[in-house]
Amino acid sequence: MIAELDGTLLRKSPADIVVDVGGVGYHAFIPLSTFRLIGQIGEKVHVFTHTHVREDALDLFGFSSEGERAIFLELISVSGIGPKLGLAVLSGLSPEMFHRAVVDEDLGLLTSVKGIGRKTAQRLVVELKEKFSGMDVFLIGGGGPEVREEVGDAVMALVSLGIPRAKARESVLAARRNGGDGLSVEELVKRALRK
């Protein structure tokens, strides 16, 4: 099993990457979050991976953090969730937001991800809530609980203004990336509205 890759980024797209490790190019499928963080072609990269074996395929999935990989592994442990849908979830929600959505039973946020309907969202909550309740929030990275709370509050404020949840989430996360973790809910909302 391949657990990590440490090498040079040869190719990169929103769906996959190729990393040269000692002269061998490893192809890995990735979520959008990893695409944004992975670096540029020609740079040294470190990728956390999961090797997924099926009778007709051997696929490698890559992640920018151990927390992202941990959430992915929990996702694919749920009946009816395969690796492709797991990547779709991580492409639509940050690991922190997904963790919070499951713990808070936020079916609206979960169903904002393409491919996740109400029944699948309910199954995710039923099968993962207990595991996630005991999970160290710092394992999944991206700041402390107060950062996630501010992001969630800003998204809810935008939704109350009539902005679709997925667009609101995208705008708030972009505002936070550009302004840092120290932004208040009000400032996040203002910056997100400018987008």
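**Close-up views of the predicted model**

**View A. Phe61 belongs to a cluster of rings.** At 1% relative accessibility, Phe61 counts as buried. Buried means under 20% relative accessible area, exposed means over 50%, and partly exposed lies in between (1.4 Å probe, protein chains only). This is a predicted model, in which local features need pLDDT of at least 70 and side-chain atom pairs count only at pLDDT 80 or more, while totals for chains, interfaces and linings use all residues. Residues are numbered from 1 along each chain as its sequence is written, and side-chain values use heavy atoms, leaving out hydrogens and water.

How many aromatic pairs does a search of the whole structure find? There are 3. Among them is the pair of Phe29 and Phe61, which is tilted, with 5.7 Å centre to centre and 35 degrees between the planes. This pair links distant parts of the chain, 32 residues apart: Phe29 is in strand β3 (residues 24-29), Phe61 in strand β5 (residues 57-63). Phe63 and Phe72 form another tilted pair, at 4.8 Å centre to centre and 45 degrees between the planes. Phe63 is buried at 0% relative accessibility. Phe72 is buried too, at 0%. Ring pairs join Phe29, Phe61, Phe63 and Phe72 into a cluster. Rings of Phe, Tyr and Trp (its six-membered ring) pair if their centres lie within 6.5 Å; planes under 30 degrees apart count as stacked, over 60 as edge-to-face, the rest as tilted.

**View B. Lysines lie over the faces of rings, including Lys84 over Phe29.** Lys84 sits at 3.6 Å from the ring centre of Phe29. Lys12 lies over the face of Phe35, and here the distance to the ring centre is 4.8 Å. A charge sits over a ring if NZ of Lys or CZ of Arg is within 6 Å of the ring centre and within 35 degrees of the ring normal.

**View C. Helix α2 is mostly covered.** Of its 11 residues, 8 are buried. Which ones are buried in α2? They are Gly67, Glu68, Arg69, Ile71, Phe72, Glu74, Leu75 and Ile76. Helices (H or I, at least four residues) and strands (E, at least two) are DSSP runs, numbered from the N terminus.

View D. Lys131 is partly exposed, with a relative accessible area of 44%. A salt bridge is a side-chain nitrogen of Lys or Arg within 4 Å of a carboxyl oxygen of Asp or Glu. A search of the whole structure finds 6 of them.

**View E. Lys129 and Glu105 also meet in a salt bridge.** Their side chains are 2.6 Å apart, N to O. This pair, too, links distant parts of the chain, 24 residues apart: Lys129 is in α6, and Glu105 is in the loop between α4 and α5 (107-110). Lys129 is partly exposed at 27% relative accessibility. Glu105 is partly exposed at 43%.

**View F. Salt bridges link Arg54, Asp56 and Asp59 in a network.** One of these bridges joins the side chains of Arg54 and Asp59, at 3.8 Å from N to O. Is Asp59 buried or exposed? Asp59 counts as buried, at 15% relative accessibility. Arg54 is partly exposed, at 40%.

**View G. Glu96 is found in helix α4 (residues 95-103).** Glu96 counts as buried at 10% relative accessibility. What does its side chain contact? The side chain of Glu96 makes a polar contact with that of Ser94, at 3.1 Å. A polar contact is a pair of N or O atoms within 3.5 Å; within protein, one must be able to donate a hydrogen and the other to accept it, and residues adjacent in sequence count only if both atoms are side-chain atoms.

**View H. Helix α9 (residues 185-194) has buried residues: Val185, Leu188, Val189 and Ala192.** They cover an arc of only 100 degrees around the axis, so they lie on the same side of α9. The arc is that of the directions from the helix axis to the C-beta atoms. An α-helix has 3.6 residues a turn, so residues three or four places apart point the same way. The face turned away from the buried side of α9 carries the exposed residues Glu186 and Arg194.
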